[in-house]
Amino acid sequence: MRKLPRVLVVEDEPAIAELIAVNLRHNGFAPTVVFDGTAAQREVDAVLPDVILLDWMLPGESGVQLARRWRQHERIKTVPIILLTARTEESDKVQGLDAGADDYVTKPFSTQELLARIRAVLRRRAPEIVNDTVQVGELSLDAATYRVTHQGRELKVGPTEFKLLHYLMKHPERVHTRGSLLDRIWGDHVFIEERTVDVHVKRLRESLGSAGTMIETVRGAGYRLTAQAAAKTKTDTTPA
């Protein structure tokens, strides 16, 4: 029997929560509904969901605060989070993405749009089944075992960041526009904005630590992965 994807719905308005849950059940998902951060934490501690729908405005700890805290937790950090909110300003979207959300849905929303976004983050979470190993400088990625190492040390990289790094490492020294990265990593999912690329590049750099300098921002163009930046950093830090 096929296991239904588990969706944790954290929404303090019962009518909206019930509407979401009904539509999820009718479309092949197994929803669990909670109304505040404390209950959400209890559910996450008990069983990890496949995706979390997280309302921004919650009693007590806000959705943004929860997302930020979960992204610091090793066990939860790779679970996709979709933030639900009535806030529509770009600065709010950036704040939500910076806090760790993978996507952002503004209220009111259509249930079909929400379902499409859930399916999209679940597709991105599952790595493509490939068996290649890619190496650029001292950075290595093994797609078969889902491991990234730098100078022999294993690094923890989230699912979307893994796909992004894999693509950049397969095409090093080239400049990739945000639009081309959206097409390659996210597909033609019309809801994703170019600003999302910047947020995931920032997360990827943080995950790579000292190897993060290998991902260069090319002003007015996009991003490039290069071994030259790492080599230069190593030279600069070598005692004379």
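Colleague: Of the contacts in the protein with a separation of 6 or more, what share comes from residues 24 or more positions apart?

Modeller: The model is predicted: local features need pLDDT of at least 70, side-chain atom pairs count only at pLDDT 80 or more, and totals for chains, interfaces and linings use all residues. Residues are numbered from 1 along each chain as its sequence is written, and side-chain values use heavy atoms, leaving out hydrogens and water. Contact means heavy atoms within 4.5 Å. Among contacts with a separation of 6 or more, the share from residues 24 or more positions apart is 58%.

Colleague: How much of the protein counts as buried?

Modeller: Buried means under 20% relative accessible area, exposed over 50%, and partly exposed in between (1.4 Å probe, protein chains only). Of the 240 residues, the buried part is 47%.

Colleague: How many helices and strands does the protein have?

Modeller: Both are DSSP runs, numbered from the N terminus: helices are H or I with at least four residues, strands are E with at least two. The count is nine helices and eleven strands.

Colleague: Why do the buried residues of helix 3 sit on the same side?

Modeller: Helix 3 spans residues 63–71, and its buried residues are G63, V64, L66, A67, W70 and R71. The arc is taken from the directions from the helix axis to the C-beta atoms. These residues lie on the same side of helix 3 because they cover an arc of only 160 degrees.

Colleague: What do the buried residues of helix 4 pack against?

Modeller: Those buried residues are D92, K93, V94, G96, L97 and A99. Just after helix 4, G100 takes a positive phi of about 125 degrees. The buried set packs against helix 3, strand 4, strand 5 and helix 8.

Colleague: How far apart in sequence are the parts that K107 and E11 tie together?

Modeller: The two side chains meet in a salt bridge at 3.0 Å, N to O; the term means a side-chain nitrogen of Lys or Arg within 4 Å of a carboxyl oxygen of Asp or Glu. K107 counts as buried at 18% relative accessibility, and E11 at 0%. K107 is in the loop between strand 5 (103–106) and helix 5 (111–125), E11 in the loop between strand 1 (6–10) and helix 1 (14–26), so the separation is 96 residues.

Colleague: What is the distance between the closest N and O atoms of D103 and R117?

Modeller: D103 is in strand 5 and R117 in helix 5, 14 residues apart. D103 is buried at 5% relative accessibility, and R117 at 7%. Their salt bridge has a closest N and O distance of 2.9 Å.

Colleague: Which residues form one network with E161 and R203?

Modeller: E161 and R203 meet in a salt bridge at 3.8 Å, N to O. E161 lies in helix 6 (residues 159–170) and R203 in helix 8, 42 residues apart. Both are buried. Salt bridges with shared partners join them to R71 and D102.

Colleague: Which residues does L164 touch beyond four places in sequence?

Modeller: L164 is in helix 6, and it counts as buried at 0% relative accessibility. Its C-alpha atom is 8.3 Å from that of H200, 36 residues apart along the chain. The residues touched are L181, I185, H200, V201 and L204.

Colleague: Which helix gives the largest share of the lining of the largest pocket?

Modeller: A pocket is an open set of points on a 1 Å grid over the protein atoms alone, where a 1.4 Å probe fits, with protein on both sides within 12 Å along at least five of seven lines; lining residues have an atom within 4 Å of a point. Probe spheres on the points, joined across faces, edges and corners, fill the volume, here about 440 Å³. Of the 25 lining residues, the closest to the centre are R71, K77, R203, E206 and S207. The largest share, five residues, comes from helix 8.

Colleague: Is Q151 buried or exposed?

Modeller: Q151 is in the loop between strand 8 and strand 9 (153–155). Its phi is positive, near 55 degrees, in a residue other than glycine. At 52% relative accessibility, Q151 counts as exposed.
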